[in-house]
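Have the structure open as you read.

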Amino acid sequence: MNLQDYQLGKRADPERRIEAWLCELSAWPRDQSRSEAVAQLQELRAPQIERAAGAEVRERQRVEETLLTQTRVLESMAEGVTVTDKKGIIIYTNPAAELMFGYQPGELIGQPSGLLNHYPPEVNISVVREILATVNSTGNWCGEFRNRKKDGTPFFTSARISALGVGGKKFFISVQEDITARKRVEAEMSRLASFPELNPNPALEIDRYGRVVYANPAAQKWAQDLALAEGLEAFVPPNIEDLFQAARDQDLRHYSFDQTIQHFTFAVTLYFPEAFSTARLYAVDITERQQAEAARQKAYDELERRVAERTAALRLANEQLLWEIEERQQIEAKLRESETRFAAFMKHLPGAAVMRDLEGRYIFANATWENLAGQQDQAWLGKTPGEVWLPELAEKFEELDAQVIATQEPQEGLETLELTDGRHYLLVYRFPIMDQTSLPDMVGGIAIDITKRVEAEAALKEQSRLMEAFFAYNLTPFVLLDAQFNFLRVNQAYARACQREVSEFIGRNHFELYPSEAQQIFEAVVRNKEPYQVSARPFTFPDHPEWGITYWDWTLTPILDHTGEVDFLVYSLQDVTKRRQAELEVQRRSSIVNGINRILREALRSESEAELGQTCLAVAQELTDSRAGFIYKINHAGKFEALARFPGGELGQISTSPDLGDLKNLEPLGLFAESIREGKSIITDVATGAAPAGLPPWSVCLGVPLLYGGQTIGLIGLGDKSGGYTPADQEAVEALGVAIVEALWHHAAKVERQESERKLRYLADQLITIQEQERKRLAIELHDELGQALLTFKLSLRSIENKLPPEQEQLKEEIRASLAYINEVIEEVRRLYHDLSPGDLENLGLTIALRNMIEEFAACQPQIFWEVDLPNLDRFFPLPVQTTIYRVFQEALTNIGKHAQAAQVQISAKKDDHHIVFTIQDDGRGFSREEVLHARRAVQGLGLVAMEERLKMVGSTLKIWSREQEGVRISFTIPILPEGERP
């Protein structure tokens, strides 16, 4: 609080200040009316209030009297007085200062002191720094200041600034006098100094020895009026030579001092030119000003004395007042801070907070309570529980409040509150609030809504029950491990799977009980913090090796804590041993089936029994992981013949093998003799003698006889399997044995069929050759005999016609008719001749023969457009092949003429380095595929079947494409003769 604030406040109504103080002193609510609060407080605490108010009034009166004395002193001063704090903020101005700067009373309070300075910003900073440095070192600063009024008018002041410490704080007091008029006079004197004759003040020019060289009229008049004995030299200072020397040494241009002549005082200024040979002296009578300044100084000194006398008392009063003000401000600040903290605390308090007076009226509630009670905007203020809650709840709340007031002890409990959104569970803490006499004044309450926590605890309890049931009754093995793989929890299913008690696991390390390479996987899961899942992983229990290999599906899932590190691991397993064994069995049987299919496919495509046998042996070895083996069969001579061996040995008949007619001498077969003799499979682990003669010795072996119709027709021998053979291996090879027997018989049948087909094809070729020869013979007989006979008969009739007389015209007509018929017969004989034996083929070559045939067909089918592209085909084929090509073309063109009803026919032959591709295509009505499939039935003549067979004989295949109403395309490819074999 500054002085003016206090001056304004000291005139306030004492009753109002007492009431304000009483309100601050009590804990009464601020929004309650002042009169009501004062009345209640006075009624409850009248004695305390009276005593405290009286002491406060007396102390304030004493302070006011001290401040009033100080104020009167400051307000009576002619100089302007301003007080600023250490930041340069004005906190007090007297009326003289306000008048000097042109401001209204109190207008400068709170403004920065720089507002009064008339310096540029950079100069102002340096001036302030100089003043502060001087004040801090000497305690005072005296000098001139350039200031400005409120309207901006600049003026000069003579200022004295001193520091004052009060209550640990620093203040600056500035006393200033307006010297603007004096500065104008001095400026005017400086202006007149350049015009000595007109200057009303003495002006002299003197040399370095003090002799007057020139004196203006004013100086001469002063010397005359004062009757100066020394004349004008009275104005010259006695140490003029020293001044000249000092000015020259320090390069000074002017020097000022006061000179007393008789009872007059002059302000003297010396101006030195650059040569320092002479000097100009200007004197101004300042006797009256000096007298005024002396009087003012005396008055100022008297004021200083009076101020000094009062300063001690004032300083003490100020210190006491500032201490009280500061303490009061601290108390108010702490109170405001406490209220702010209390409001923030109540605002962010997660629970509902409320206070009621002794009559049960609500006087405080936070926002959480308002939301809980459905009371907004302080609608609850001054109400009782019965006006806010339902009757049963209000009665319960009032009863609990009464218990707190009666016992004066806090109470805590869990309460249930039924609201519109459901049931709420509240943890309530009620407590009494005491007054200064330690009597209950109010009842406070804090309620934390723990509905979610209660529900969460219930859910957690239910989850715990479910978890216990899960661990007790879940059929899937389930384990919880820490990050070091120690057992934390194990369910009953896991313990049963390991045939241990649950208590045997807790605290023990997983890999100490069950060491395995899976530890690396567990460590990777902890390191990467990512789950891992595996299917059908094999595992052998170290404490139960008799169980053999078991298979498990398991999942390892890391559970992270709030820091992102692995807290524990969830390890769930599923025993899939039976499933895996079934899968392996299915795979094994599938491998057997695939092996059988492979053998049967090989039987279809293999060219020799040795190739088939090698495939059969390879399949048997792959199924059993054998490193050696053989397959023998019994040949027609009753001897064992090797179909395949691995490793070593050459295929062929075993010379020392016995005759099967006598199954007694089987020593060359070693231990496999028993399998031959009994007709059963054998498994043995005899170290020596297991392999038949001529093969390296085997450590273990498997022998399976090849049976057909109950008779042994061969033998499969396998050996050197790591770990020995099992019944499953025997079963697999026995299944293969059936397929091998079938493949051998199928291969034998295929060989016989191929031989039969070869013989049939040879016979068909011979038949076609004989047929062509017979056709050729018939054609020659038709041409040579029948043709000649018809020609002779024709000539005879022509001779008879010529010899008949003219009157035998009718007979001539009959002869002409007979001649025409004979011509037709001749043409038909010629056509039969060409059909039976294409003479053009031998005489003219394949190319001309095909072109002639196509031209004849084209002449007979004028409605068809023929497109023919036939290169030179001669010398590329032997005569039988040429005949085949000619006959295929002949049959194809005949079919087009009879059935196609085509509008266009395309014929082409495309030649490459080794083949010629022939194509005959029409756009006729075509035929369905069923017609092609059934075209083999009862075909007379050449037909499609004959075309196919003829082309097969020359190493070609007939390709037929047809679709109804889209025509037919026939193509075939004939290999050409090498260059050196062509005719």
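Helices here are DSSP runs of H or I with at least four residues, strands are runs of E with at least two, and both are numbered from the N terminus. Counted that way, the protein has 26 helices and 31 strands. Keep in mind that this is a predicted model: local features need pLDDT of at least 70, side-chain atom pairs count only at pLDDT 80 or more, and totals for chains, interfaces and linings use all residues. Residues are numbered from 1 along each chain as its sequence is written, and side-chain values use heavy atoms, with hydrogens and water left out.

Of the 983 residues in the protein, 37% are buried (under 20% relative accessible area, with exposed over 50% and partly exposed in between, using a 1.4 Å probe and protein chains only). Take the contacts (heavy atoms within 4.5 Å) between residues at least 6 apart in sequence: 49% of them join residues at least 24 apart.

**A five-stranded sheet**

Now for the sheet. An open sheet is built from 5 strands in the order β12-β11-β15-β14-β13, with antiparallel pairing; two strands pair if DSSP finds at least two bridges between them. At the edges sit β12 (362-365) and β13 (411-419), each pairing on one side only. On average, neighbouring strands of this sheet are turned by 25° against each other, direction ignored. Two helices pack on it, and the table gives their angles (axes are lines fitted to C-alpha atoms, for helices over the stretch in contact, and angles run from 0 to 180 degrees between N-to-C directions).

| Helix | Strands touched | Angle between directions |
|---|---|---|
| α12 (residues 391-407) | β11, β13, β14 (422-434) and β15 (440-449) | about 170° with β13 |
| α13 (residues 451-473) | β14 and β15 | about 130° with β14 |

On one flank, 3 bridges join β11 (residues 352-357) to β12, and V354 stands opposite A365 in β12. The hairpin of β11 and β12 has 4 residues between the strands, and G360 takes a positive phi near 85° there. As for β15, 6 bridges join β11 to that strand, with M442 as the bridge partner of D357. Because 5 of the 6 residues of β11 are buried, the strand is largely enclosed by the rest of the structure.

**A cavity**

A search of the whole structure turns up 2 cavities of 30 Å³ or more. On a 1 Å grid over the protein atoms alone, a cavity is a set of points where a 1.4 Å probe fits but cannot get out, and lining residues have an atom within 4 Å of a point. Grid points are joined across faces, edges and corners, and a volume is the space filled by probe spheres set on the points. The largest cavity holds about 220 Å³ of space.

**The nonpolar cores**

A nonpolar core is a set of buried Ala, Val, Leu, Ile, Met, Phe, Trp, Tyr and Cys residues joined through side-chain atoms within 4.5 Å. The largest one has 38 residues, and F877, I885 and F918 touch the most other members. Its largest share, 9 residues, comes from α24. Leaving aside neighbours within four places in sequence, I885 is in contact with L846, L850, F877, F918, F972 and I974. A second, separate core of 27 residues includes W222, A223, A234 and F257.

Technical notes. 1 Å grid on protein atoms, 1.4 Å probe; cavity = no way out; pocket = protein on both sides within 12 Å on 5 of 7 lines; lining within 4 Å.
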